[in-house]
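The following account leads the reader through a single protein chain, from model confidence to individual side chains.

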Amino acid sequence: RGINMSGLEYTVRLREHLFKLSTYKNVANQGFDHIRLPVDFRKYLDDKGEIKGKFFKKLDNIINMANSQGLAVMLDFHGWPDFNTEKGDSEIFISIWKSLAEHYKDYSNMLLFELINEPHTTDGGDLSMDRLMKLQNETIAAIRAIDPDRTIVVATAEWNCPWSLKDFTPPEYDNLILAVHC
C-alpha cells in the first residue's frame, strides 16, 4: 500500500509536510508501506545540467525520514512536459538518472527509481512506445552500470494506461516494476 505525496515543486505551504518526520510517522501508522515522491528534476539542475548539491541534501532528508519509519520511497521523475515532444533531451534525462544512481548507489532497497511519469503521444506529446522503450532501455543500462540491483519502475506509453500493454515489450533487465495508471 502506497501513497503519492505532493512533489517538491508545489508552494512552500503545500510542501512543508515533506520535511516533517511526523508526516512519515502518520503515513506508516495508517498502514502504508511506501510513498511515491514526484520530482521535476530539471528544476534542480545547475548550469552544467547536473543536479545541485543543495537539492540532494533536501532529497536525502526526505528519503531518510521516510525510510526511518519503514516506508520505501519511489522516486518519480515527474513533469518536464517538453520531454514528451521532439524537444525532449534524452542525454540530459539519462544524465540525471546517472547522477541519482551514483548518489544513491549505497542506499538500501527501500529506494526505488520510477523513470518517467505518464509518457504520451496525445496533447502534443511524441513519446511513442518505440521511443519510450528505447529511452527506458538506455536509461536502465546507465543506471545498472552504476547500481546493478536498484528496483526500477518502468512506464507504458499513453499516460501509463493499461491498453498500451498490448504493444509493451518488457526491458531485458531484472528487478523491474511496471507502472500502470488506471
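The paragraphs below treat confidence, salt bridges, a loop serine, backbone angles and a surface patch in turn.

The model is predicted: local features require pLDDT of at least 70, side-chain atom pairs count only at pLDDT 80 or more, and totals for chains, interfaces and linings use all residues. Residues are numbered from 1 along each chain as its sequence is written, and side-chain values use heavy atoms, with hydrogens and water left out. The predictor's confidence in each residue, pLDDT, runs from 0 to 100. Its mean over the chain is 88, and 90% of the residues reach 70 or more. Helices (DSSP runs of H or I, at least four residues) and strands (runs of E, at least two) are numbered from the N terminus. Confidence is lowest in helix α1 (residues 12-15), with a mean of 64, and highest in strand β4 (residues 111-114), at 98. Where pLDDT is low, the predicted coordinates should not be read in detail.

Salt bridges come next. With a salt bridge taken as a side-chain nitrogen of Lys or Arg within 4 Å of a carboxyl oxygen of Asp or Glu, the count comes to 7. One of them joins the side chains of R36 and D76, at 3.1 Å from N to O. R36 lies in strand β2 (residues 34-39) and D76 in strand β3 (residues 72-77), so this pair ties together parts that are 40 residues apart in sequence. The side chain of R36 also meets that of E114 in a salt bridge, at 2.7 Å from N to O. This second pair links strand β2, which holds R36, to strand β4, which holds E114, across 78 residues. Burial is judged by relative accessible area: under 20% is buried, over 50% exposed, and the range in between partly exposed (1.4 Å probe, protein chains only). R36 and D76 are both buried, and E114 is buried as well.

A further salt bridge joins the side chains of K166 and D167, at 2.9 Å from N to O. Here K166 counts as exposed because its relative accessibility is 67%, while D167, at 46%, is partly exposed.

How is S164 held in its surroundings? S164 is placed in the loop between α6 (157-160) and β6, and it is buried because its relative accessible area is 5%. Polar contacts are pairs of N or O atoms within 3.5 Å; within protein, one must be able to donate a hydrogen and the other to accept it, and residues adjacent in sequence count only if both atoms are side-chain atoms. The side chain of S164 reaches the backbone oxygen of C161 at 2.7 Å, and a polar atom of that side chain lies 3.0 Å from the backbone oxygen of A157. Leaving aside residues up to four places away in sequence, S164 touches M129, T156 and A157, where contact means heavy atoms within 4.5 Å.

Backbone angles follow. Most residues other than glycine have a negative phi. E118, in the loop between β4 and α5 (129-146), has a positive phi near 50°. N175, in the loop between α6 and β6, has a positive phi near 60°. E118 is partly exposed at 25% relative accessibility, and N175 is partly exposed at 34%.

Finally, L178 belongs to strand β6 (residues 176-179) and, at 33% relative accessibility, counts as partly exposed. Together with L165 and V180, L178 makes a nonpolar surface patch of about 190 Å². Patches are made of residues with over 30% relative accessible area and no salt bridge, with like charges joined within 9 Å and nonpolar side chains (Val, Leu, Ile, Met, Phe, Trp, Tyr) within 5 Å. Accessible areas come from the Shrake-Rupley method with a 1.4 Å probe, and for residues only the protein chains shown count as cover.
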